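Dear colleague,

I am handing over a structure for your records, and my notes on it follow below. Please read them with the model open beside you.

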Amino acid sequence: MALIKCPECKQEVSDQAVACPHCAFPIAAQLADKLHPETALLIVHPSMFGNHPLYFLLCVALIPAGIATAFMFAQPLLVVLSGVGLAILVGWWLVCESTELTVTTKRTILRRGLLSKSTNEIRNKDVRDIHVAQSLFHRLMGTGSLGISSAAEEGGDIEIAGIPYPQQAAELIRKNQ
Ligand SMILES: [Zn+2]
């Protein structure tokens, strides 16, 4: 047994104490965190091409198609088609970028939202059920949806579609439970 300084009240406490006897600071939890710090194992965003490849290609194709048809038919307004394709791609990209699933050694965190952000997290030990859904098509593309339900009272379930490596994400969560 050794004496350490409580990080909160700076008084001497046993390193075996669950909590500081002076200020109730959780000593044991703090030491456990130091020994096994939380590290991110996987960070993924929904894929654009991997989730909706045909739609993605259609939007990409609109860009040259708008310019080409504008010239072909001498109708400058057809360039609007290029603008529509580009706008959809940019908006879609922003939504995908602002949606992030992080699996750490302790938690699974889902962040959503560009302007108004929402965060939902489930501690790995509270995970009750993990559900991976992949259609044949998505399996070929290496994407799928992941659902995690929590046994905890607070916080809701996590649900995210069209992410790469859904099976690996589920596996990592199970391994770290
Ligand atoms: Zn203390």
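Strands β7 and β8 (residues 143–150) are joined by 6 bridges and run antiparallel; two strands count as paired if DSSP finds at least two bridges between them. Strands here are DSSP runs of E with at least two residues, and helices are runs of H or I with at least four, both numbered from the N terminus. Within this pairing, Ala133 stands opposite Ser145 in β8, and His131 faces Gly147 of β8.

Please note that this is a predicted model: local features need pLDDT of at least 70, side-chain atom pairs count only at pLDDT 80 or more, and totals for chains, interfaces and linings use all residues. Residues are numbered from 1 along each chain as its sequence is written.

On its other pairing, β8 is joined to β9 by 5 bridges, again antiparallel, with Leu146 opposite Ile160 in β9. Together the 3 strands form an open sheet in the order β7-β8-β9, with antiparallel pairing. Its edge strands are β7 (127–133) and β9 (158–164), each of which pairs on one side only. Neighbouring strands of the sheet are turned by 20 degrees against each other on average, direction ignored. Helix α5 (residues 166–175) packs on the sheet and touches β7, β8 and β9, and its direction makes about 165 degrees with that of β7. Contact requires C-beta atoms, placed from the backbone, to lie within 7 Å; axes are lines fitted to C-alpha atoms, for helices over the stretch in contact, and angles run from 0 to 180 degrees between N-to-C directions.

The second topic is a helix pair. The axes of α2 and helix α3 (residues 79–97) come within 6 Å and cross at roughly 165 degrees. The two helices are therefore roughly antiparallel, a term used for angles over 145 degrees. Residues of α2 that meet α3 include Cys59, Leu62, Ile63 and Gly66, while those on the α3 side include Val84, Gly85 and Ile88.

As for α2 itself (residues 53–72), its 20 residues should span 28 Å at 1.5 Å a residue, and its end C-alpha atoms are 28 Å apart, which agrees; the expected span is 1.5 Å times one less than the number of residues. After α2 comes Ala74, with a positive phi near 50 degrees.

With kind regards

Terms used:
Contact = placed C-beta atoms within 7 Å. Parallel < 35°, antiparallel > 145°, perpendicular 65-115°, else oblique.
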